[in-house]
Amino acid sequence: MRPIASDRRLTRGICFVAVAVSVYYLTWRVLDTFNPHAFALSLILYLAECYGLVMFGLHIFLTWDTRSLERSLHLADDERLEQAAMPTAGRDWTVDVFIPTFNESVSLLRKSVLAAREMRTAHATWVLDDGRRDAVRRMCEELEVGYLTRDSNEHAKAGNINAALPRTEGEFIVVLDADFIPLPNLLERTLGHFRDERLAFVQLPQAFYNVDSIQHVGGDIRTGWHEQSLFYDVIQPGKNRWNSAFWCGSPAVLRRAALESVGGAATSTITEDILTSMRMHAAGWSSLYHNEILAVGVAPGDLDGFRTQRLRWAQGSMQILRSRENPLLKRGLSFPQRINYLASMTTYFQALQLAVLVAMPTLVLLTGQSPIANLGGSFFIRFTPYVLVTVLASKLMGGSRQRLLWDQYFSFLRLFTFLRALPVLLTGGRTLRFRVTPKAPSESTKHASLYPHIGVAILNVIVIAALIAHPAGQRLGTGTIVTVSVCAGLVAAAYLLAVVRLWRRVYRRHHYRVPFVLPARLKIDGGAESSASTEDISFGGLSLALPTAVAPGTKAQIRLLVGPDVVDIAGTVMSCAPSAVGYRVGVRFAPLDSEDEKCLLFAMLEAAVGTSSTAPPPRPSRAPARELTPALG
């Protein structure tokens, strides 16, 4: 087997070759193929290609070394991440867990609160309720965790966190979004890093247990791929090298002193996390990205939630780039930190580059001109190796988490959202509101969101037909017609794939389910018990594999064997359908008591994450330092 260091040298060598080939190609392009008779088209296309080289170079810079966590802890390359977190023994640190919420469902929030309460290592759990809901207050009283609220929702999540700071006392703060369920060992695996007294925060990867979301492509939490995999598994680890890993909102552990030293969470942008990180870095604090799944959340289930979240990220970045805190101007940042932040914020301009490529076939048809002169054999002799070596280098730098075709698919899917965000760079976006990403499963498909994609696909099909039949096609030449038609076909295929994938994407369940096989017993009212096994499970219900049919509406008692524990649950049969092993029976649970909830929660976490560290722990949490349910304000 080739040594790891040797593989790394080979990858870096190919990256140098790719940059050299790209520079040669772009130089040759402007000297030999720039079409002065179609100056505007040629210039637009050439600038889009140059942007690609700049972003490719930044990607190499960001992912040059993803081993900085292990090196910073003086570990050899072959030592595993399990040894990375330093022990916390002997340190009497106090910790507050903040769970900001606004309009998320109580059932979703309850999972996060219950799991946060049960984390090992002493801590206090606080729900920061900007919705000021009695149901959330009652849940906190039942689960014996702290409840904080305020009179207004000023500055959304950032303001919510800032309002809680003077009312709590922990030296460290764990921030969890309302949908993120922490593993019991989250504090054990992260607090040790804070022996470095200049460490401001530890950011963890965002992993999602609803692997049937719009951004997932097959697999499970451990083996599956989602649209943010490259960022969390490659780019963020690479940022450790430059002390530039940034806070992504959740899940993360922050040092209170560092957060308070910059005035709390930033409120001048709707992406408070990245700006707060930049302020802490500029103030001399350091950061660390710990690449280990220690919490799982809910990814946007449909296109509306996906667009809402990405639009907020893009608009927030435009606000920062427009402000005096632009990373190129911000005092206190090192040069690598400036480049890292700039790369993360300018990635949204990819939409302009892609818009040029998407629109180019139509522009060629309308103008009857080609943006590339001499589009023949000499062009493809240079273009082909340029593309191949760039793709190879990108794949090697991204490793197993880079799926180039799916990356391109999501680039097309995000195009209109990012284009919508770019005007904020000019307007400042002073009236922008923080929109919470929808967490609940969508019960209907919003087809209007797909109309632009359908329009682009149809337009490019028309372009292909018109290029062949229209008189303008005769002036362009066969080589240009074939090339432009292929490009138009690829654009049409990308958007048709999005439409096919999303048109009928409907979630009819009220709870996301985790595939999980458990031995079970099912007892029908007035009948005998029968053996069964679960196929998937959630807080709201489960599906069972049974040898015999059960009529929907039947009341049933289910006994689950969860490790050493036995959980008895009452439920109602909602569906029964033939399957390969007999029948698949869907059961909706009656309300669960907290102990059964806890048992099921940690069983589901173990099934989803695949680690025994999720075993239900004893309850060590310290009581909140202040009144459990303080008055408003």
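## A buried ring pair

Phe172 counts as buried, at 1% relative accessibility, where buried means under 20% relative accessible area, exposed over 50% and partly exposed in between (1.4 Å probe, protein chains only). Trp93, with a relative accessible area of 12%, is buried as well. This is a predicted model, in which local features need pLDDT of at least 70 and side-chain atom pairs count only at pLDDT 80 or more, whereas totals for chains, interfaces and linings use all residues. Residues are numbered from 1 along each chain as its sequence is written, and side-chain values use heavy atoms, with hydrogens and water left out.

The structure holds 26 aromatic pairs; rings of Phe, Tyr and Trp (its six-membered ring) pair if their centres lie within 6.5 Å, and planes under 30 degrees apart count as stacked, over 60 as edge-to-face and the rest as tilted. Trp93 and Phe172 form one of these pairs, edge-to-face, with 5.1 Å centre to centre and 70 degrees between the planes. The pair links distant parts of the chain, 79 residues apart, since Trp93 lies in the loop between helix 3 (68-72) and strand 1 (95-101) and Phe172 in strand 4 (residues 172-175); helices (H or I, at least four residues) and strands (E, at least two) are DSSP runs, numbered from the N terminus.

One aromatic cluster is formed by Tyr25, Trp28, Phe379, Phe380, Phe383 and Tyr386.

A charge sits over a ring if NZ of Lys or CZ of Arg is within 6 Å of the ring centre and within 35 degrees of the ring normal. The charged end of Arg198 is placed in this way over the ring of Trp285, 4.0 Å from its centre, and Arg241 lies over the face of Trp242, at 5.0 Å from the ring centre.

## Strand 6 and its partners

Five of the five residues of strand 6 (residues 199-203) are buried, so this strand is largely enclosed by the rest of the structure. Strand 6 runs parallel to strand 11 (residues 286-289), to which four bridges join it, and Phe201 stands opposite Ser287 in strand 11. Strand 10 (residues 252-255) runs antiparallel to strand 6 and is joined to it by three bridges, with Ala252 of strand 10 as the bridge partner of Gln203. Two strands pair if DSSP finds at least two bridges between them.

## The chain as a whole

The chain has 20 helices and 19 strands, and of its 633 residues, 55% count as buried.
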